[in-house]
Amino acid sequence: MFVPCYVDQFYPKAAIATLELLEKLGCEVHYPKNQTCCGQPMANSGYEHLTGGCNNLFVDNFSGYDYIVCPSGSCTLHIKEHLHADGKEEQATEIRKKVYELTEFLVDVLRVKQLTATFPYRVGLHQSCHGLRGLRIAQMSELVAEPFSKPEQLLDMVNGLELVPLSRQDDCCGFGGTFCVVEEAVSAKMGKDRVADHVSHGAQYITSADLSCLMHLEGILRRQNSDVKVIHVAEILNHSM
Amino acid sequence: MSREKILAAVKFNQPTANPLPDMEVLNTLTDVRTELLAKYKTIATAGGSFVYEVSGFDEIKTILKNEFKPGVKIISALDELSDYIYADTVKHEDGHTFADVELTVLRTNLGVAENGALWLTEKEMGSRVLPFIAQHLAVVIGKDDFVPTMAQAYQTIGEADYGYGSFISGPSKTADIEQSLVIGAHGPRSLSVFILL
Amino acid sequence: MSTATTKDHPHLAAEFNRDEPRVNWHDETLWWVRAKRDIAAHKLPEWELLRETASQIKLNVLSNLSTYLEQFEANAIKNGIIVHWAADAAEHNQIVHNLLEQRGITKMVKSKSMLTEECHLNEYLKEQGIDVIDSDLGERIVQLANEPPSHIVLPCIHKKKEEIGDIFHEHLGSAKGESDPKILTETARQHLREVFLTRRAALTGVNFAVAETGEFVICTNEGNADMGAHLAEIHIASMGIEKIIPERKHLGVFLRLLTRSATGQPITTYSSHFSKPQDGTEIHIVIVDNGRSIQLGREEFRNSLKCIRCGACMNTCPVYRKSGGHSYHTAVAGPIGSILAPNLDMKKYADLPFASTLCGSCSNVCPVKIDIHDQLYKWRQVIVKEGYSPKTKTMAMKAMALTLASPTLYRMGGKTGRLVFKYAPFAVNNKLNPWYNQREMPKAPDESFGEWYAKRKGAKNS
């Protein structure tokens, strides 16, 4: 299991849910304890050249597994596209082939067809951009192509869950890494507009495969003293009453 | 010389050859010749054109008489419409003299169903400015003159040697003011299309 | 024209965001144009094949550009068109000025050309005593307002009809308070008709220049390019070197994609093909480089030159929609502008590749499949390497890199951070923390996942 740095530090429940869910579904899950971060915050800020240490650490931690599963679309995408390690390039390449975001792992590898989860609430699904347009875990609205959605497929298996429609199904939330502070005004506005879309359609929870998006939306919801909460898909798929 | 400088820089910097794509699949996919007339009518009308299916020139004359007051300046490129000024006799005049033209009536033999466009070259126009400076434009076309898409349109045009040509798909228009569509910008305020059955 | 601003995108975007209802209006208007594009694209089942075909044609163009440029020139000359070459913006402006001065012309009518915005042609000609009137309605409006256009296809998308009404009342004599688009457009029609009928020179842009035949194509809805060109003694057409397409039949691909991507229409009202000058008149083409050949040499960024200037990337970009074209302080704004501008002046435009969340929407609406969001990421690396990133940011990033490369430092840092959040929230919940401006900080849990896992493993092993 590859747990994003901020999930490890601020949203451990999502990682716990991921672990429990994978074990429930029959996987032998190991969490390499010396993992830290995928390096994306630096790379996306233009400092890819500083990620060597991070990359080496990642390769050391994650070599030798059948699969590497991560409850985050953006971190998974970053590893898939940017993991290189001097002197360990073969291992890095192997890892890039085996890294999966959680919902794509559940649908494409484990081929999950049913879940025992219950979550009787109205839920808005936020399609995080990296998972959507990068990993293609769902069909993006820009393309003229067959619609599909791996997260939605899984959420459909949850008892009592009602997915709310949205006005804009895949507009970006505005987090964007350091963008959220460098372009604070636009970032906050983008987040507010996404929140408004979910709230106006009656969502009680906003979920996503990416906690970076949720962290940003939660910041806005709590500032608005809203009753609407955020929750990672892993926690819903692992949820029992 | 800038020409040499630019070409040298381009030649030096351009990447190695990427071949042109094969367009066969696309051309075949789009070459669907059913319902062309109906498709053209729907799309041209949606774009603001007035489309009439007519059995002959008498019908056209009647419609034009209804739509346009007597005494306005009308120039027509069709000798069947003998009531109007014949474009051939005035086409060499300075374009500015057409500033008071109310209606221009032209003829074409190529229309595109997918987007409501009609292809006219300066041969069909007489004078290039005529289909733009007139307050209204009308074009006569035959019912069998339509092709499905722009791909087939350019196949039809082939290597024709025109000095100027334009695909005209409707009345002039703009949505520059708060995305409000306004028909009638700098070109004609209306386009009437007469399809000869 | 307004003077160049030294403020960067974050500042200008913050100013734009002070008026939230206006941001909502701007955002919704542009999203609507994106939605119209979606409807038009979905009507063509072959849409994605069209995009791929267009992309490959443009890749071929870039790899053979020098040959195609020479071929285009030769064929244009054969047809009686006079061809000029301008290495940069200054030379372009001088060429245009000379052509007018030689003929004693002091008034010109212009139809839309973003290239001439890039070259600041209007300002230059004004200084030489030549009056230029922009004939595209949107461009005329921003010209009267003394502003640059904010969008390459919808020049005054940032202006409300009441504001336009005020501008027309002041400059064109329309009634005070009149804001009906029909009446304002009629006012502009009358005013510009006079301009078309009296000006001896017309300058246009070029949408596509066909190497095979030497003809060029101009697409408008208003008919202003044709009105200007056909009534003028001299028609000057300005084009960037990248506007070339190989063969006439390729227009059958690009003209199907351009307007659907731009406005959702199947085609513009007029797609005019110019081959030869009318008897007694002249057509001059000015082929402009202005940094394009340099971009062509940048392996990671050359594909930005495939652009056919449809504006779809701007309509879809949430940052553009919520910050406005003027926040980019460059002629061509939005996502495409952000990968073109750093090539022109890396220092001045270092902020633009960071004005994005890398959401990728732009790349997927682009009719010629430019990998815009990938190029934004790559420009960030270049800009940092060239030293255009603030020192404080570099220091912070180096500290982050060190911490994240060491499991011990990471765990310590994480635990300390959580303790600060819990026991000294004022340290982060204050005005110095930009996040805190409009968002709450995340709550700090008592233990990290790593700590929980270690405990659980310990419990299992005991």
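What share of the contacts in chain B with a separation of 6 or more comes from residues 24 or more positions apart? In this predicted model, the share is 74%. Chain B contains 8 helices and 12 strands. Of its 197 residues, 47% are buried. Along the principal axes, the C-alpha atoms of chain B occupy a box of roughly 65 × 45 × 40 Å.

Confidence comes next. The model has an ipTM of 0.98 and a pTM of 0.96. For chain C, the mean pLDDT is 95, with 99% of the residues at 70 or more.

The arrangement of the chains can be read from their contacts. Two pairs of chains touch, and the pair with the most contacts is B and C. Chains A and B do not touch, and their nearest C-alpha atoms lie 16 Å apart. Chain C meets chain A through 57 residues of chain C and 58 residues of chain A. On the chain C side of this contact with chain A, 33 residues are nonpolar, 15 are polar and 9 are charged.

The contact between chains B and C involves 59 residues of chain B and 70 residues of chain C. Helix α3 of chain C, residues 47-63, supplies the largest share of the chain C side, with 9 residues. By class, the side of chain C that touches chain B has 32 nonpolar, 23 polar and 15 charged residues.

Helix α1 of chain B (residues 2-13) packs with helix α4 of chain C (residues 65-78) at an angle of about 145 degrees, and the two axes are 8 Å apart. From α1(B), the residues making the contact are B:Leu7, B:Val10 and B:Lys11, while α4(C) contributes C:Leu65, C:Ser66, C:Leu69 and C:Glu70.

Chain C itself is assigned three domains: domain 1 (1-43 + 302-389), domain 2 (44-166 + 193-290) and domain 3 (392-461). The centres of domain 1 and domain 3 of chain C, taken over C-alpha atoms, are 33 Å apart. Elsewhere in chain C, helix α11 (residues 224-231) is mostly covered, with 8 of its 8 residues buried. The buried residues of α11(C) include C:Asp226 and C:His230, along with C:Met227 and C:Leu231.

Chain A is divided into domain 1 (5-109) and domain 2 (122-237). Over C-alpha atoms, 21 Å separate the centres of these two domains of chain A. The domains are in contact through 25 residues of domain 1 and 22 residues of domain 2. On the side of domain 1 that touches domain 2 of chain A, at least two residues each come from α1 (5-10), α2 (12-24), α3 (40-47), α5 (73-82) and α7 (102-109). This side of domain 1 of chain A consists of 13 nonpolar, 9 polar and 3 charged residues.

Conventions
Residues numbered from 1 in each chain as written. Chains lettered and ligands numbered in written order. Predicted model: local features only at pLDDT ≥ 70, side-chain atom pairs only at ≥ 80, totals over all residues. Domains from an automatic or database assignment. Contact = placed C-beta atoms within 7 Å. Helix = DSSP H or I, 4+ residues; strand = E, 2+ residues; numbered from the N terminus. Nonpolar A, V, L, I, M, F, W, Y, C, P; charged D, E, K, R; others polar. Buried ≥ 20, exposed ≤ 12 C-beta atoms within 10 Å, placed from the backbone. Axes fitted to C-alpha atoms, helices over the stretch in contact; angles between N-to-C directions. pLDDT = per-residue confidence, 0-100.
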